[in-house]
Structure formats: structure tokens, C-alpha cells
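Let's take a friendly look at the pockets of a protein and at what lines them. Here is the structure to explore.

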Amino acid sequence: MNESLLYFARHNAWASKTLLEVCRTLTPDQLTAPAAATYGTIIETFNHFVTAEGAFLRSLGGPLTPWVSAAERELEKYPEPWSNDEASEPVVGLDDLADRVDELEGLWQSFFAVEFDVERVCLLDLGTYECPAGIVIAQVFHHGSVHREQICAILTGLGVEVPDIQPWGFADATGVSRFVGGRTS
């Protein structure tokens, strides 16, 4: 089972890295431009889903990174930070985000190297929410996909060509898939 979950983790990291590379071509104004119907600006959205992924991994029993710890300390200042517009996670730049995505990729590799109980109860949201580990894992990959698509929508609105970050694009880019029988697209 864990081997198949590694494909999710690999795609997740690859999609984030691919999108980060596109974002490196943007101006600071583009990275911080307000956006409608999304989590926030490009840089805020990236920070949110990468930090959340680290927190999800921690809830599953993975290590507590210094940057997740810093985000949790910030959120603890607010009652129910998930519903408080004033609460926010620290925002870092694209280089730090890339480092965090790389770190998470390795941490997921280590996590999935060992069997785990998908029914084990995990605590989230500063200990105020509990659910099975299998649901947390599903949320990790869903959450990242939703927010990457929001960033793609913002990029499209800016007139920037977005990369193919769906699993097919990952499979093609990493050489685990190919066209057969003379087909080229």
C-alpha cells in the first residue's frame, strides 16, 4: 500500500516544484496581487498549502519542522484561527518554499517507507479536530491540488501559461509513461 502512496507524494512534490518554477518568472507585484475566489495571493496560497502539508505530516506522526512550529505558534495567538481573518501563517519567499517542498518530499519518502495504521486517530487544528490517518493523507493530496489549481487560475488571469501539473503531466515528465504505437499526443 505505501508504495502506491509514494506516487501521490511524488506527484505532489513535482507539481509544487513545477509551479514554483513558473512563479519564479513573476514580478513581486504579480506574486502579491490580490485574487478573487482563491485562498489569497499566489505567495500566500503557496505558503498556506506547503505549511499545511507539513502540519498534516506532523499530525500523522512525522517530524515537527521549525517552520511548522513557527506557524503553529503564530496561529495559537488567535481563538479558532481557521475561522479568524486576522490569523495568518508566516509568509516566506519562493526559495524558502522550494526548500520546504524538497524537505517535505524527503519526509514523505521516509514516512511511507514504514507501514502505518490508516485508522489511527490523528489530532489536527491545534488539537481541536480528530480523524483517521487515512483521511489526513487524502486531505494532504486534495488540499495541495486545490490550491495549486487556484494558483494556476491566478496565473491564467495574469496571461501566464500554466504548466501541466496533473498526474499525466507528472508521468510524462518523469518518464514513467509514454505514447505507444506511433502516437505522439
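Helices (H or I, at least four residues) and strands (E, at least two) are DSSP runs, numbered from the N terminus. This is a predicted model, in which local features need pLDDT of at least 70 and side-chain atom pairs count only at pLDDT 80 or more, while totals for chains, interfaces and linings use all residues. Residues are numbered from 1 along each chain as its sequence is written, and side-chain values use heavy atoms, with hydrogens and water left out.

**The largest pocket**

- A pocket is an open set of points on a 1 Å grid over the protein atoms alone, where a 1.4 Å probe fits, with protein on both sides within 12 Å along at least five of seven lines; lining residues have an atom within 4 Å of a point.
- At least two lining residues come from each of α3 (42-59), α4 (66-75), β1 (121-124) and α6 (133-157), and α3 gives the most, with nine.

**The second largest pocket**

- The second largest pocket has a volume of about 150 Å³.
- Among the residues lining this pocket are Tyr-7, His-11, Phe-141, Arg-148 and Phe-170.
- Two or more lining residues come from each of α1 (2-23), α6 and α7 (167-174), and α1 has the largest share, five residues.

Methods
Grid points are joined across faces, edges and corners, and a volume is the space filled by probe spheres set on the points.
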